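Please open the structure in a viewer and keep the selection tool at hand. The stops below are to be taken in order.

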Amino acid sequence: MQTAISSVPGTPERPNEDWASVAVPASGQGGTLVVLDGVTPPIDDDGCVHSVPWYTARLGGALTELSGSRPELTLAEILSEAIRRTADVHRDSCDLSHVRTPQATVVLARWSAVSVEYLVLADSVLLLRSPEGAVRAVVDDRLDRLPPGSLASHAITDSTVRNKEGGFFTAAADPEVAARAVTGRVPAAEVRALVAMTDGATRWTEVFGMGDWADCFAVVDKEGPRGLIARVRELEASSSYAYRWKRHDDATVVHVEI
């Protein structure tokens, strides 16, 4: 197995809220990857005394440990347990029912000699490339299917679609959200490499339309994760870029050859 990881904050003034890890079990066979994109809250009370990086570090750590040590659990069960563990750490000090309690998007993958399992929740993306070079994108497209105006403001988003039926879901404090994730399994022989990305990196395809997912994978393959992020930053610097919330977002890319 070979892997490369790059994670770049949106701005130097703010901490990077993404999380990424790759682990190889002690048996030396198979592996796991975890990529989280912490959701930046508005500048007001979110009911929690902890930061988003605090949350993603603890959720990411739990996901890495469980996905690498509990092969009998499905990835959805692993996400559910990791959310529960993380919530238990600050349940007594924070209001976990708050709509903006710390939360994150999730990409989780686990592979063995037999299969590759995957889980995606919210708008991070996982790409699977076959030995023949075909690229398959695993996406949770709920954000793309929201009613018009659902993202017009933070208040509207939080009151109508965030972690609600008919809206979209993130990993926050409710373990039941794991059942909402996009999950699947493919034979190991059908996957040669994986790329996992937060939406700060997927902008190259989804926002700027510089190529499809196969083109995006080719950039990572040739230039590495940092090369893709550098391309995104160059596009974001253009005066014609009409961004909604942030000109630059935290961007993380993980490339694994298995």
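The tour visits a pair of cysteines and then a serine.

The model is predicted: local features require pLDDT of at least 70 and side-chain atom pairs count only at pLDDT 80 or more, whereas totals for chains, interfaces and linings use all residues. Residues are numbered from 1 along each chain as its sequence is written, and side-chain values use heavy atoms, with hydrogens and water left out.

**Stop one: the cysteines**

Select Cys48 and display its sulfur. How many disulfides does a search of the whole structure find? The search returns zero, a disulfide being a pair of cysteine sulfur atoms within 2.5 Å. Cys48 accordingly takes part in none, and its nearest cysteine sulfur belongs to Cys94, 3.4 Å away. Is Cys48 buried or exposed? Cys48 is buried, with 12% relative accessibility; the term buried denotes under 20% relative accessible area, exposed over 50%, and partly exposed the range in between (1.4 Å probe, protein chains only). Cys94 is likewise buried, at 9%.

**Stop two: the serine**

Ser115 is buried, at 6% relative accessibility. Show its surroundings: leaving aside residues up to four places away in sequence, Ser115 touches Arg110, Arg185, Val186, Pro187 and Ala188 (contact: heavy atoms within 4.5 Å). Finally, select Val191, 76 residues from Ser115 along the chain, and note that the two C-alpha atoms are 8.7 Å apart.
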